[in-house]
Amino acid sequence: MKSSDVLGLKTALANARKSYDEGGVPIGAALGHNQRIQKSSAILHGETAALKNAGRLKAEVYRQSTMYTTLSPCSMCSGAILLYKIPRLVIGENANFVGDEDLLRSRGVEVVVVEDEECKELMSKFINEKPEEWFEDIGEIPEEHKL
């Protein structure tokens, strides 16, 4: 991992902890964190919050960027990465959830999975503590609630 990757992932993890401390889903990106619960938003995942916080940028900025996130990105966040043609993604872990990494790779995104133990532990802790909120975040229905 590059030294900039270490810093980017460390920042993403700090943002994930911030979300957890606020009572939210502990997924962080380098420029933001999941705020679905805190702001009653359907779309403020860590990656989309990072893009929102970065503000309006020229296309060439995205095409020279790396997205740092603590967890493998869902379909919505992967779509945002593809839309803005972000060429590189560093993921803290994908043991708790595997998003659309294969799609990203197939579209030319360099995907680096670090398997960071702190990222794994924080996400696992949240899933065990608040499974219904976790399933809501990833758009799933828990087995016990399915008809």
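Colleague: How much space lies in the largest pocket?

Modeller: A pocket, on a 1 Å grid over the protein atoms alone, is an open set of points where a 1.4 Å probe fits, with protein on both sides within 12 Å along at least five of seven lines, and its volume is the space filled by probe spheres set on the points, which are joined across faces, edges and corners. Here the largest pocket holds about 160 Å³ of space. This is a predicted model, in which local features need pLDDT of at least 70 and side-chain atom pairs count only at pLDDT 80 or more, whereas totals for chains, interfaces and linings use all residues. Residues are numbered from 1 along each chain as its sequence is written, and side-chain values use heavy atoms, with hydrogens and water left out.

Colleague: Which residues of the lining lie nearest the centre of the largest pocket?

Modeller: Lining residues have an atom within 4 Å of a point; there are 13 for the largest pocket, and Leu31, Leu51, Ser65, Thr66 and Met67 lie nearest its centre. With Ala, Val, Leu, Ile, Met, Phe, Trp, Tyr, Cys and Pro counted as nonpolar, Asp, Glu, Lys and Arg as charged, and the others, Gly among them, as polar, the lining divides into 11 nonpolar, 2 polar and no charged residues.

Colleague: Which strands pair with strand 4, and in what sense?

Modeller: Two strands pair if DSSP finds at least two bridges between them. Strand 3 (residues 66-71) pairs with strand 4 in the parallel sense over 5 bridges, with methionine 67 having leucine 89 of strand 4 as its bridge partner. The chain passes from strand 3 through helix 4 (residues 75-83) to strand 4 in a right-handed β-α-β crossover, a term used if, with the strands pointing away from the viewer, the path from the first strand over the helix to the second runs clockwise. Strand 4 also pairs in the parallel sense with strand 5 (residues 110-113), over 4 bridges, and leucine 89 stands opposite valine 111 there.

Colleague: Is strand 4 buried or exposed?

Modeller: Buried means under 20% relative accessible area, with a 1.4 Å probe and protein chains only. In strand 4 (residues 88-93), 6 of the 6 residues are buried, so the strand is largely enclosed by the rest of the structure.

How values were computed:
Buried means under 20% relative accessible area, exposed over 50%, partly exposed in between (1.4 Å probe, protein chains only). Helices (H or I, at least four residues) and strands (E, at least two) are DSSP runs, numbered from the N terminus.
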